[in-house]
Amino acid sequence: MVQREENPCLRELLKPQAHLEFDANRQVLIEDCLGILEYSPELVRVNAGDYILRFSGRDLQLSTMTQDGLLLRGHIDRLEFLY
Amino acid sequence: MLLALLRFFRGTVEFQVTGKYVERFLNLAARARIPIWDGQREADSFRGCTLLSRQKELMELAQRVQVSWQLLQVFGSERLRRRYGRRLGLLCSGGALALLLLLSQGMVWEVRILGNETVPSQQVLALAQSLGLKPGVWKKSLDVNLLADQITRQLEPVSWVGINLLGTVAEIEMVERVLPPELLDEEQPCNVVAGRAGLLTKLQVYDGKTEAKVGETVQQGSLLAAGIWSDKLGRTHYGHARAEAVVEFSEERLISVPLAYESPVPCGPHRNSRRILLGKLSLPLSFGRVPNAAGFSSRLGLVEQGLYTQAEQQWYYSVRNVPLKVFGVSLPLAIQTQQYIPCQLQEVFRSEEAAKSLALSRLEQEISALERQEIDVLSRELQGKVEDGAFVLRAKLHCSQEVAKQQPIVLEEQAP
């Protein structure tokens, strides 16, 4: 029986990556994220798998949250990718 | 909008969770495919909305992650059911209203006239009413093709009528007859004469013998082109003279606007009286004493306005009928508002400038009337001054008009 070795590059390519869609700095749709790590009106940290998305701003509201993604509304002043 | 409607029918709840592990609670809810929206974070609590049907699952999750759950409000159809479910009378009335609305969809509530230019809408409406098409009739009882035929036959200036039933509105669409131009009797000899006096500035004779010259002054009825002429050999010819002639003339207008005039001035609070109109029935909605609640016309819009005197008191009144509409559909009901304002006739003064602008606007109206008679105003000379307490505007208008007019020649054998 032949054992098929997994190609790490292919696995990397097929791994779902977080998809971000901004509407100016007022709204961001985050798809394929792994959940919320921290949530306050000034700071939202989202687990995106390999990194953490850190949104900071004012009046941040979790407008919608489903398994597929979340919609964040408010004044987004800054976005950081933390590894 | 659609999402809001769906949520309304499925029922929604607003909740609040308080505790250290709010984020964990949200992640678990997302993993369990429980939708959460309108989230708001406040200190250590989170406020959001979810579907009523998923409330239990969320409560279990809250218990599992050790956050305290609090139900704040229930929205949507479920809330209405909880609030009004036991009130049988209200339910029955609602059902009856819904049934009435459903039944009313089978009736004609409004008749509209489209496409008429010279035929008055009131005449068409009256005819349609006499044939059975009026507000309140069942749509199924109408034979629109027959009705359209009857209206076409009975309305002389109309060449085509179509009736469309759109919801509760019956639209009578019509095309008015275009009369063909009068045929010229080429055999009939005729002259061309001037239709009015003036200075002839253009004369183009197409048929006949030219009898006038450009630059001459012509009187009304002066011969411009003759339909009878003799050739060099002395033979007499008869023809149908045709010509185009333009004369210029002057017209004077005197417009006087008094600087002082009597006008009704309100001298007390107005009184309103409302009535509901259902066909010929008129029911009062308010019982306040009004000076004259006599029956006014039930046609829609502004019915009447003016001044009248009662017991040495003058009143300015206006009566307006507004149709009642439900979701944009006109019902056969109308609200009549009669407004009465007590007033006194007082002498009011207007400034010279105001009088001048009024006089000028009246002059413009007169010029428009002239233009409707196909008279072009080429220039105007205006002179205005105050005379005997009035602003008098003298206008000298220099005009031009096409005046060629055919006049048949009665020959001896044709004479009666």
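**View 1. Asp207(B) stands opposite Arg242(B) in β15(B).** This pair is a handy place to start in what is a predicted model. The two strands behind this view are β9 of chain B, residues 198-207, and β15 of chain B, residues 242-258, and they pair in the antiparallel sense over seven bridges.

**View 2. An open sheet of chain B is built from five strands in the order β11-β9-β15-β23-β22.** The pairing here is antiparallel. Which strands stand at the edges? They are β11 (217-218) and β22 (375-387) of chain B; each has a single partner strand, so one side of each is left without a neighbour in the sheet. Look also for helix α8 of chain B (residues 352-372), which packs on the sheet and touches β15, β22 and β23 (390-402) of chain B. The direction of α8 makes about 155 degrees with that of β15(B).

**View 3. A second open sheet in chain B has three strands, ordered β5-β7-β6, with mixed pairing.** The edge places go to β5 (110-114) and β6 (158-166) of chain B, and because each has a single partner strand, one side of each is left without a neighbour in the sheet. On average, and with direction ignored, neighbouring strands of this sheet are turned by 20 degrees against each other. Zoom in on β5(B) and β7 of chain B (residues 169-176) to find two strands that run parallel, joined by five bridges. Within this view, Glu110(B) is opposite Val169(B) of β7(B).

**View 4. Helices α6 and α7 of chain B lie across strands of the three-stranded sheet.** Helix α6, residues 121-130, lies across β5 and β7 of chain B and runs at about 130 degrees to β5(B). Helix α7, residues 144-154, lies across β6 and β7 of chain B, at about 150 degrees to β6(B).

**View 5. Chain B meets chain A through 15 residues of chain B and 16 residues of chain A.** Together the two chains bury about 1,300 Å², with 48% of it on carbon and sulfur atoms. What kinds of polar link cross the interface? The count is eight residue pairs in polar contact, while the number of salt bridges found there is zero. On the side of chain B that touches chain A, the elements giving two or more residues are α2 (22-31) and β2 (36-42) of chain B. β2(B) gives the most, with six residues. By type, this side of chain B divides into seven nonpolar, three polar and five charged residues.

**View 6. A strand of chain A pairs with a strand of chain B.** The partners are β5 of chain A (residues 52-65) and β2(B), in the antiparallel sense, over two bridges. Follow Thr64(A) across to β2(B) and you reach its bridge partner, Trp37(B).

**View 7. Arg54(A) and Glu80(A) join their side chains in a salt bridge.** The N to O distance is 2.8 Å. This pair links distant parts of the chain, 26 residues apart: Arg54(A) sits in strand β5 of chain A, and Glu80(A) in strand β6 of chain A (residues 69-82). Over all chains, the whole structure has 18 salt bridges.

Methods. Residues are numbered from 1 along each chain as its sequence is written. Chains are lettered from A and ligands numbered from 1 in the order in which they are written. This is a predicted model: local features need pLDDT of at least 70, side-chain atom pairs count only at pLDDT 80 or more; totals for chains, interfaces and linings use all residues. Side-chain values use heavy atoms; hydrogens and water are left out. Contact means heavy atoms within 4.5 Å. Buried area is the accessible area (1.4 Å probe) that two parts lose on being put together, summed over both. A salt bridge is a side-chain nitrogen of Lys or Arg within 4 Å of a carboxyl oxygen of Asp or Glu. A polar contact is a pair of N or O atoms within 3.5 Å; within protein, one must be able to donate a hydrogen and the other to accept it, and residues adjacent in sequence count only if both atoms are side-chain atoms. Helices (H or I, at least four residues) and strands (E, at least two) are DSSP runs, numbered from the N terminus. Ala, Val, Leu, Ile, Met, Phe, Trp, Tyr, Cys and Pro count as nonpolar, Asp, Glu, Lys and Arg as charged, and the others, Gly among them, as polar. Two strands pair if DSSP finds at least two bridges between them. Axes are lines fitted to C-alpha atoms, for helices over the stretch in contact, and angles run from 0 to 180 degrees between N-to-C directions.
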